Amino acid sequence: MSLRLLPFRQYDENDVINIFALNSDAVLANTTDDGSGSNGVFVKVSDGNFDQDVITYTSNSYLGKTDYPFAASEMYPSNPLTITPAVSGDIPLGITLNQTAKADENGEKLLYNPTKKEELQAVLPGQTVPVATKGIFTFSSNAFNGPVASYSLGGTVQIDFATAGTITGGDKALSDPTSGDFGVIIGTGSRNGGSGIGASTADQFSGEFLILKI
């Protein structure tokens, strides 16, 4: 599942950047995948050259068959300004609020179903993805490394050494433990049933979660 952010979150739209698209290498094939194109991925700028055109048009296999008679163009529009998952040592720009994917859970292209695209909290390849730079967010276990017991309340986090775009406890990183610290951990829990705020029935978000102020 490519949604790493749980519903509880607090942020201001003024702290959301709507400038960059996700790098094409990180785009998900479909919305059942989890990877660098998921939402809740920590990102950094990979192309910030504002001397480029606002939109670029190139041929793209995502369009499918385009060599029909009398077809005037097969150009696909993309935002040339891009972001990519942050790596160990980086201080990220923020987190993606939408997933970037080509198809839905049935393999149907989201290009032809904009309503479902919105329902799945997704953007198309090359489209601008909103990036939150500040706020309080709840991350599912796919967004961080290790059990929540290894994270300290009030502690910081780092970008994980092994998996770009995910986090690890600031004192648990495999890289320099003083490099790239950011955020404040304000809560942890588990959605594995039982009692308390984290109690839930089984769903795609079952498991531990982490609440982080960035």
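## Overall picture

Helices and strands here are DSSP runs numbered from the N terminus, where a helix (H or I) needs at least four residues and a strand (E) at least two. With that in hand, welcome to a predicted model. The protein chain has 1 helix and 17 strands, and 45% of its 214 residues count as buried.

Taking contacts in the protein chain between residues at least 6 apart in sequence, 71% join residues at least 24 apart. As for the surface, the chain exposes about 10800 Å², with carbon and sulfur atoms supplying 51% of that area.

## S38 and its surroundings

Let us go to the loop between β4 (28-30) and β5 (42-47), where S38 is placed. S38 has a relative accessible area of 1%, so it counts as buried. A polar atom of the S38 side chain lies 3.0 Å from the backbone nitrogen of G35.

Leaving out residues up to four places away in sequence, S38 touches S2, R4, L28, D33, T96, N98 and Q99. One of these, R4, returns below as a salt-bridge partner of D34.

## The nonpolar cores

In soluble globular proteins, nonpolar side chains tend to be buried together. In this model, the largest nonpolar core has 21 residues. The members that touch the most others are F42, I95, F137, F139, I167 and L212. Another core, of 10 residues, lies apart from it and includes A26, V43, I83 and V131.

Setting aside neighbours within four places in sequence, F137 is in contact with L5, F8, R9, Y11, I95, L97, A132, L210, I211, L212 and I214.

## Salt bridges

The structure holds 5 salt bridges. In one of them, the side chains of R4 and D34 meet with an N to O distance of 3.0 Å. This pair links distant parts of the chain, 30 residues apart: R4 sits in the segment before β1 (5-10), and D34 in the loop between β4 and β5.

Which residues are linked in a network of salt bridges? They are D104, E105 and K116. The closest N and O atoms of D104 and K116 are 3.1 Å apart; D104 lies in the loop between β10 (99-103) and α1, K116 lies in helix α1, and the two are 12 residues apart. The side chains of E105 and K116 meet at 2.8 Å, N to O. E105 is also in the loop between β10 and α1, 11 residues apart from K116 in helix α1.

D104 is buried, because its relative accessible area is 5%. K116 has a value of 17%, so it is buried as well. E105, with a relative accessible area of 41%, is partly exposed.

## Features at the surface

V54, I55, Y57 and M75 make a nonpolar surface patch of about 430 Å². Within this group, Y57 is found in strand β6 (residues 56-59). Why does Y57 count as exposed? Its relative accessibility is 53%, and exposed means over 50%.

Most residues other than glycine have a negative phi. Q121, a residue other than glycine, has a positive phi, near 55°. Q121 is found in the loop between α1 (114-119) and β11 (122-123), and its relative accessible area of 31% makes it partly exposed.

Technical notes. Residues are numbered from 1 along each chain as its sequence is written. This is a predicted model: local features need pLDDT of at least 70, side-chain atom pairs count only at pLDDT 80 or more; totals for chains, interfaces and linings use all residues. Side-chain values use heavy atoms; hydrogens and water are left out. Buried means under 20% relative accessible area, exposed over 50%, partly exposed in between (1.4 Å probe, protein chains only). A polar contact is a pair of N or O atoms within 3.5 Å; within protein, one must be able to donate a hydrogen and the other to accept it, and residues adjacent in sequence count only if both atoms are side-chain atoms. Contact means heavy atoms within 4.5 Å. Patches are made of residues with over 30% relative accessible area and no salt bridge: like charges are joined within 9 Å, nonpolar side chains (Val, Leu, Ile, Met, Phe, Trp, Tyr) within 5 Å. Accessible areas come from the Shrake-Rupley method with a 1.4 Å probe; for residues, only the protein chains shown count as cover. A salt bridge is a side-chain nitrogen of Lys or Arg within 4 Å of a carboxyl oxygen of Asp or Glu. A nonpolar core is a set of buried Ala, Val, Leu, Ile, Met, Phe, Trp, Tyr and Cys residues joined through side-chain atoms within 4.5 Å.
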